[in-house]
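Subject: Structure handover and notes

Hello,

Please find the sequence and the structure below. My notes on what was found follow after it.

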Amino acid sequence: MPRSSGLDAMLKPESIAVVGASRDKPGASWVDMFGQLVEFGYRGRLYPINPKADVIRGYKAYAGLPDLPEPVDLVIIGLSAPIVPWILRDCVATGNRNVHIFSAGFGETGEDEGKALQEEITKIAVEGGLRVIGPNSMGVFSPRLRLVTWAGAPETIGSVGILTQSGGFADGILGYGSQIGLSFSTVVNYGTGLTVDASDLVEYLSEDPETDTIGVYLEGVADGRRLFEAVSRTTPDKPVVMVKPGASRAARRTAASHTGSLAGDDRIWQGFFAQSGAIRVDSVQDMAHTIDALKRLPRPAGHNVAIIGTGGGSSVVAADACSRAGLDLPPISAEARAALRETIPAAGNIITNPVDAHDVMTDPEQMPPVLEVLSSQHYLDMVVVYFHIDWMYDVAPDRIAALATFLAESGSDHMNGKPLVATWRSYRSGPEYRQVIQEMQEILVGGGIPLFPDIDSTARTLARLAGYSTFLASAKAT
């Protein structure tokens with residue numbers, strides 16, 4: 001039985017006690033965890049613990065853990081660091097085995113007092129058999145259970161699981177991911193990872209039927225071999241997308257001060273990614289777009305891409321972006337050029353790769369045969385439609401939404417099972433441009449077509465998608 005097997009009650013608790021619950025306030029602040037649970041509508045049993053209160057937000061308050069009518073599935077501690085050891089001893093004595101420590105001020109400070117407290121709570125947790133998320137942790141988010149301890153979490157239930165040492169990263173991926181159409185099963189900000197760390201959580205989500213894709217923000221890990229084995233077992237069935245900072249000396253120093261983690265030699269991590277099949281990304285945005293592509297798109301057979309858009313200079317820039325990312329833009333064959341010429345007129349339109357086709361970008365009715373021809377070429381694995389918002393707005397502003405609507409409603413029907421994505425560029429400001437961009441985004445995201453904010457992020461994401469496909473093919477062959 002994996003060490004992660006006991007985490008179900010902790011991550012899907014039916015009862016929660018909040019030690020240090022704030023007394024009634026007009027609205028929940030970001031540090032009022034009990035208030036957040038109440039306002040988000042947590043569906044389990046709630047027990048506020050505060051010896052100075054009788055009732056908090058309509059719930060009977062208790063003086064301490066020994067006064068509760070039952071051991072709970074999860075204890076959340078929101079008191080100052082020096083008090084945490086006392087509460088952990090109460091957890092051991094009362095049989096409350098699952099703990100989330102929100103409090104900071106331990107080993108991550110680098111100071112002697114914080115290090116001593118870290119050693120003390122570690123000893124209590126290990127000897128007492130406690131599963132501890134934190135310290136310095138925002139905790140668990142589950143939209144299915146209406147469980148969250150921070151403000152602004154989305155309500156939509158999905159299948160993306162996120163594990164992160166950074167609370168800010170958790171908030172960022174929820175916010176940006178929601179904008180591009182992602183929804184989540186479980187998000188865990190585990191902070192320092194006292195007795196529950198990335199290895200435990202990857203093992204858990206690998207077996208979780210509500211999760212099909214996993215994102216990880218990792219600053220450091222105590223047992224690298226165990227994490228490697230957990231990720232390697234997971235990636236053939238569920239993609240693992242990971243931000244692993246620490247390539248620079250400054251990043252390693254910052255990680256040590258943030259969660260007390262040792263980032264490790266980046267050359268070792270390069271090997272970790274190459275061998276485990278985990279997909280390395282660099283930011284919240286990169287993770288969100290990569291997960292979005294993995295969930296929405298078919299697996300490409302290779303790294304060859306075709307781009308259709310407008311503007312010769314932009315085509316050169318796009319070709320460079322693809323080359324930097326590790327994608328190839330093969331030339332269009334003579335036979336395919338002839339077939340495209342049946343739709344694309346010669347005047348002002350250049351059939352190379354990228355395809356510069358002004359007429360097609362402003363007349364969605366011309367796009368189906370173009371997609372059919374490009375996607376039917378055996379040497380092309382993916383197609384990108386590149387919106388030049390400024391030019392399209394000048395020529396025919398209503399055609400931006402029209403083209404987006406075609407792609408969203410039926411674009412994939414003309415792709416012969418190959419991936420289709422969209423990207424855009426705009427160098428003008430003004431409410432009219434923001435409005436058409438927002439409309440385009442809503443149409444494409446709602447229709448399941450991944451949309452990228454620039455050609456560089458498009459190329460990086462498609463290269464990662466192709467790399468993961470290559471990994472799966474290799475894993476299947478062995």
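A residue is called buried when its relative accessible area is under 20%, exposed when it is over 50%, and partly exposed in between, with a 1.4 Å probe and protein chains only. Helices (H or I, at least four residues) and strands (E, at least two) are DSSP runs, numbered from the N terminus. This is a predicted model, in which local features need pLDDT of at least 70 and side-chain atom pairs count only at pLDDT 80 or more, while totals for chains, interfaces and linings use all residues. Residues are numbered from 1 along each chain as its sequence is written, and side-chain values use heavy atoms, with hydrogens and water left out.

Helix H3

In helix H3 (residues 84-94), the buried residues are Val 84, Pro 85, Ile 87, Leu 88 and Cys 91. Looking down the H3 axis, these buried residues fall within an arc of 160°, so they line one face of the helix. The arc is that of the directions from the helix axis to the C-beta atoms. Trp 86 and Ala 93, on the other side of H3, are exposed. The cover over the buried residues of H3 includes strand S1 (15-19), strand S5 (74-77), strand S6 (98-101) and helix H4 (112-128); contact here means heavy atoms within 4.5 Å. After H3 comes Gly 95, with a positive phi near 80°.

The sheet from S8 to S13

An open sheet is formed by 6 strands in the order S8-S10-S9-S11-S12-S13, and its pairing is mixed. Strand S8 (139-141) and strand S13 (279-281) are at the edges with a single partner strand each, so one side of each has no neighbour in the sheet. On average, neighbouring strands of this sheet are turned by 20° against each other, direction ignored. Two strands count as paired if DSSP finds at least two bridges between them.

How do S9 and S10 run, and how many bridges join them? Strand S9 (residues 157-164) and strand S10 (residues 184-189) run parallel and are joined by 6 bridges. Ile 157 stands opposite Phe 184 in S10, and Leu 163 has Val 188 in S10 as its bridge partner. Val 188 is also the bridge partner of Val 140. S8 and S10 pair over 3 bridges in the antiparallel sense. As for burial, 6 of the 6 residues of S10 are buried, so S10 is largely enclosed by the rest of the structure.

Helix H5 (residues 167-179) lies across S8, S9, S10, strand S11 (213-217) and S12, and runs at about 160° to S10. Axes are lines fitted to C-alpha atoms, for helices over the stretch in contact, and angles run from 0 to 180 degrees between N-to-C directions.

Two loop positions

Is Ser 137 buried or exposed? Ser 137, in the loop between strand S7 (131-133) and S8, has 1% relative accessibility and therefore counts as buried. Apart from neighbours within four places in sequence, Ser 137 is in contact with His 100, Ile 101, Phe 102, Asn 189, Tyr 190 and Gly 191.

Asp 237 sits in the loop between helix H7 (224-234) and strand S12 (240-243). Asp 237 is exposed, at a relative accessible area of 66%. Its C-alpha atom is separated by 8.4 Å from that of Ser 206, 31 residues apart along the chain.

Helix pairs

H7 and helix H9 (residues 266-276) pack at an angle of about 30°, and their axes are 9 Å apart. H7 is therefore roughly parallel to H9. The classes are: under 35 degrees roughly parallel, over 145 roughly antiparallel, 65 to 115 roughly perpendicular, and the rest oblique. Leu 227, Phe 228, Val 231 and Ser 232 in H7 meet Trp 269, Phe 272, Gln 275 and Ser 276 in H9.

Helix H14 (residues 367-375) and helix H16 (residues 398-410) pack at about 50°, with their axes 11 Å apart, and are therefore oblique to each other. Met 367, Pro 368 and Leu 371 in H14 meet Leu 403, Phe 406 and Leu 407 in H16.

Regards
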